[in-house]
Amino acid sequence: MTGFIDCHCHISARDFDNDIEDVIENSKQAGILALVAVAEHAGEFEKIIQLSERFPGFVWPCLGVHPVQGAPPDPQRGVTMEDFDAALPLIEKFQDCLLAIGEVGLDFTPRFVSSDRGKDEQREVLVRQVEIAKRLDLPLNVHSRSAGRPTIHLLKEQGVEKALLHAFDGKPSVAMEGVKAGYFFSIPPSIIRSEQKQKLVKQLPLESICLETDSPALGPEKQVRNEPRNIAVCAEFIAKVKGVPLERVVEVTTQNALRLFPKLRACIRV
């Protein structure tokens, strides 16, 4: 069996509440074998677990605390240890169900964090989640906006061996530091309109690339709801950039995902 694995999506987003059955069915029809469902805050943990139970063997839960917190109407802000403390009991409760810890990471976008103290608190929250991942022997699903190098350095300092850096926005030379550490990089459909992502894919070895949609964000078109079924857009563009057959991209990226997320191997044979 050959197919795609969407290594990072927000299938629990409210954008999908009204047609989740259709979204899942369309994903399967598009050749997707599994959706890796990431969390951003404790308030959505139960929903992600429920979706994984509703679509067993297809939706795989990841729980973690994102470096940016606050959903409308509340303003967005950098994560605090209080956010982590609220999430920890639920992570512990559902630990046996988890595919990975995520979405975790660093986000040094100035409007979210404007002080060294804020950056340090993000680092502290990330370190605590690295410790959980190590204890549970789980990979990390990592966000690193405007913080590519600090994120990779922290992961290496903490001895992280299995990590996915999703939608990496840094320079290819920085990404290669992650490649040397054995980390994977997932590419979203927005590559078709992102010169930065195109340059990144040119330099990254295919053996370090996974596919993602980051649904409902980072789709082929701006401000249009992205869905997991758009995963083929990533693969087709990567094949074009790399000058290799589409089948090769699908095969290698799926095998990469199975190496990164060992629990998938029990249910997916490719």
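**View 1. Packing of helices H7 and H8 in the predicted model.** The axes of helix H7 (residues 195–203) and helix H8 (residues 231–242) cross at roughly 60° and come within 9 Å of each other; axes are lines fitted to C-alpha atoms over the stretch in contact, with angles from 0 to 180 degrees between N-to-C directions. Helices are DSSP runs of H or I with at least four residues, and strands are E runs of at least two, numbered from the N terminus. H7 and H8 are therefore oblique to each other (angles under 35 degrees count as roughly parallel, over 145 as roughly antiparallel, 65 to 115 as roughly perpendicular and the rest as oblique). Gln198, Val201, Lys202 and Gln203 of H7 make the contact with Phe237, Ile238, Val241 and Lys242 of H8 (heavy atoms within 4.5 Å).

**View 2. Isoleucine 101 in the largest nonpolar core.** This core has 73 residues, and Ile101 and Ile238 are among those with the most contacts inside it. A nonpolar core joins buried Ala, Val, Leu, Ile, Met, Phe, Trp, Tyr and Cys residues through side-chain atoms within 4.5 Å. Beyond four places in sequence, contacts of isoleucine 101 include Leu63, Ile91, Gln129 and Leu140.

View 3. Cysteine 210 lies in strand S10 (residues 209–211) and is buried, with a relative accessible area of 0% (buried means under 20%, exposed over 50%, partly exposed in between; 1.4 Å probe, protein chains only). Not counting residues up to four places away in sequence, cysteine 210 touches Cys7, Phe184 and Ala257, among others.

**Notes.** Residues are numbered from 1 along each chain as its sequence is written. In this predicted model local features need pLDDT of at least 70 and side-chain atom pairs count only at pLDDT 80 or more, while totals for chains, interfaces and linings use all residues; side-chain values use heavy atoms, leaving out hydrogens and water.
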